[in-house]
Amino acid sequence: MIYSRRDILKIGAAAGFASTSPSNLFAQSNSAVPLTAREASLQLAPPDYPQTAIWGFDGSMPGPVIRVRQGGRVTRRLVNELPQATSLHWHGVRIDNAMDGVAGLTQEAVAPGASFDIDFVAPDAGTYWYHAHNRSVEQVARGLYGALVVEEPEGPDVYRDEVLILDDWLLNPDTAQIDPDFTSRHDRSHAGRVGNFIATNGQYGHSLDVRRHERLRLRLVNAANARIFELALAGLEGWVMALDGMPLEAPQPVSDTVLLGPGQRADLLVDVVAEQGETAYLVRVDNGEGFVQSAFPVIAASSGARRDAPQALPPNANMVPPDLSQARHVRLHMGGGAMGRLQSAQFNGERRTFRQLVDANQFWAFNDVIGMTDDPLAVLARDEPVRLEIVNDTSFPHAMHLHGMHFREIAADGTLGPLRDTVLTFGGEAREIAFSAHNPGDWLFHCHMLSHAASGMTTWVRVT
Ligand code: C2O
Ligand code: CU
């Protein structure tokens with residue numbers, strides 16, 4: 001039976017909640033929109049290959065783009081139709097801890113056949129993403145992720161606003177099926193699970209038609225398990241407007257390449273400068289060579305002239321920089337991996353030699369300890385300023401992601417960089433980040449190279 005909106009209001013009145021406004025009426029219903037994690041198959045590889053079996057939200061990869069206005073609520077019912085328990089994390093959102101979706105820390109994993117109700121407010125405008133957070137190394141690689149876009153009350157004037165999710169997949173080159181070895185010793189001990197097939201939005205030959213002089217907003221998300229994307233523009237002139245969702249104080253012209261580690265995002269505004277009949281590109285740079293990541297065929301002439309350079313996006317509120325003079329010092333030493341110097345570390349409460357750790361398929365230590373512990377890395381008082389030194393004493397890059405709060409990197413001259421939620425560190429580097437612990441709860445802090453997170457590089461902080 002189909003009810004018109006007026007009928008629903010009538011029914012509402014009859015049931016005795018006449019004063020409830022229509023929007024409340026719907027919010028209080030217990031039928032939140034489902035977001036179903038399930039198996040599906042789609043044409044990921046080029047058309048002459050078979051379809052690829054994936055796991056995706058609502059059966060798609062990426063999952064549906066979820067858009068809300070800043071300050072709006074996100075309500076979904078996570079329905080698990082997978083053969084495995086799962087959970088759903090909202091990467092980069094200053095979220096209520098109970099909704100952070102970390103199986104084993106903020107909630108139990110959602111069993112096959114079960115569901116979990118999600119309901120949170122998205123306080124900050126920007127580009128975020130959601131992804132499975134149980135057995136992430138497998139579940140994200142199989143396709144369980146999508147974008148969350150939180151719109152500014154008044155966004156920049158653009159012709160179109162596009163989410164571009166960058167990922168790579170490790171596919172069997174004959175069957176185009178996802179390599180099911182998610183515990184590979186080599187991936188864990190080296191650079192992580194790096195794919196052999198790279199695409200945008202799960203589409204081979206991703207392409208968007210444009211017209212000359214159009215301005216586009218490109219919301220780039222790196223959803224790869226381990227790949228660092230180095231990106232450049234051709235036939236497009238652009239500015240980085242935001243990193244990890246948070247606006248930069250001033251737009252930064254893209255003159256060189258933009259680096260995106262796993263989990264990181266960049267919002268670009270780009271103007272099409274290629275001529276009609278040409279094609280502009282988002283270029284992936286790999287060892288100094290350029291490859292097409294996305295193509296933008298210029299199908300028509302402009303209707304107008306080039307526009308002026310853009311103004312910065314409005315800053316998100318309550319992002320007070322931490323007072324470094326009062327800040328508590330925390331140190332995170334990263335050790336282990338292939339070609340590392342780790343001789344032994346604590347694992348499950350016992351000291352193990354590197355040989356024993358290899359046998360246990362565990363390779364990475366934070367401050368001499370492998371994996372999650374009962375005690376957090378730090379217990380922070382609410383609003384306490386922290387400086388966290390990250391020493392990458394390994395031979396590999398690591399993308400460290402803090403849940404629940406953004407931080408700023410402290411530059412060599414002591415100034416604070418832009419807000420981020422994931423910081424890329426290269427082998428042999430030390431970097432220092434700072435934040436005020438303004439969001440109470442238990443927050444994971446881990447490497448977003450997901451094979452590394454599964455083999456030691458996961459810890460947490462508690463904000464009381
Ligand atoms: Cu994007 Cu702990 O995750
Ligand atoms: Cu790592």
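1. Phe435 has contacts (heavy atoms within 4.5 Å) with Pro322, Leu380, Glu384, Pro385, Val386, Leu388, Leu402, Met405, His406 and Phe407, leaving aside residues up to four places away in sequence. The model is a predicted one, in which local features need pLDDT of at least 70, side-chain atom pairs count only at pLDDT 80 or more, and totals for chains, interfaces and linings use all residues. Residues are numbered from 1 along each chain as its sequence is written, chains are lettered from A and ligands numbered from 1 in the order in which they are written, and side-chain values use heavy atoms, with hydrogens and water left out.

2. Phe435 also belongs to the largest nonpolar core, which has 59 residues. Such a core is a set of buried Ala, Val, Leu, Ile, Met, Phe, Trp, Tyr and Cys residues joined through side-chain atoms within 4.5 Å. Buried means under 20% relative accessible area, exposed over 50%, and partly exposed in between (1.4 Å probe, protein chains only). The members that touch the most others are Trp90, Phe120, Leu148, Ile390, Met400 and Phe435. A second, separate core holds 27 residues, including Leu248, Val258, Ala266 and Ala274.

3. Which residues coordinate the copper ion (ligand 2)? His398 (ND1), Cys447 (SG) and His452 (ND1) do, at 2.0 to 2.1 Å. Donors are N, O and S atoms within 2.8 Å of the metal (3.2 Å for Na, K and Ca); water is not among the atoms, so sites may look incomplete. Along the chain the donors follow the spacing H-x48-C-x4-H. Cys447 is buried, at 0% relative accessible area, and His452 is likewise buried at 0%.

4. One open sheet has four strands in the order β2-β1-β4-β6, with mixed pairing. Strands (E, at least two residues) and helices (H or I, at least four residues) are DSSP runs numbered from the N terminus, and two strands pair if DSSP finds at least two bridges between them. The edge strands, each pairing on one side only, are β2 (52–57) and β6 (115–121). Neighbouring strands of this sheet are turned by 25° against each other on average, direction ignored; axes are lines fitted to C-alpha atoms, for helices over the stretch in contact, and angles run from 0 to 180 degrees between N-to-C directions. Strand β4 (residues 73–80) runs antiparallel to β6, and seven bridges join the two. Within that pairing, Arg76 has Ile118 of β6 as its bridge partner.

5. Another open sheet has six strands in the order β23-β20-β25-β30-β27-β28, again with mixed pairing. Its edge strands are β23 and β28 (416–420), and its twist averages 25° from one strand to the next. β20 and β25 are parallel and share seven bridges; Val330 stands opposite Leu388 in β25.

6. Is strand β9 (residues 160–169) enclosed or exposed? Eight of its 10 residues are buried, so β9 is largely enclosed by the rest of the structure. β9 pairs with β12 in the parallel sense over seven bridges, with Val221 in β12 as the bridge partner of Ile165. β9 also runs antiparallel to strand β10 (residues 197–200), joined by four bridges, and Leu166 stands opposite Thr200 in β10.

7. Side chains of opposite charge can pair when their charged atoms come close. The structure holds 35 salt bridges, a salt bridge being a side-chain nitrogen of Lys or Arg within 4 Å of a carboxyl oxygen of Asp or Glu. One of them joins Asp267 to Arg217 (2.8 Å, N to O). Asp267 lies in strand β17 (residues 265–272) and Arg217 in strand β12 (residues 215–222), so this pair ties together parts that are 50 residues apart in sequence. Asp267 is buried at 1% relative accessible area, and Arg217 is buried at 3%. Both residues belong to a network of salt bridges that links Arg67, Arg69, Glu151, Glu152, Asp161, Arg217, Arg219 and Asp267.

8. Arg331 and Glu389 also meet in a salt bridge (3.7 Å, N to O). The pair links strand β20 (residues 328–336), which holds Arg331, to strand β25 (residues 385–392), which holds Glu389, 58 residues apart. Arg331 is partly exposed at 44% relative accessible area, and Glu389 is partly exposed at 29%.
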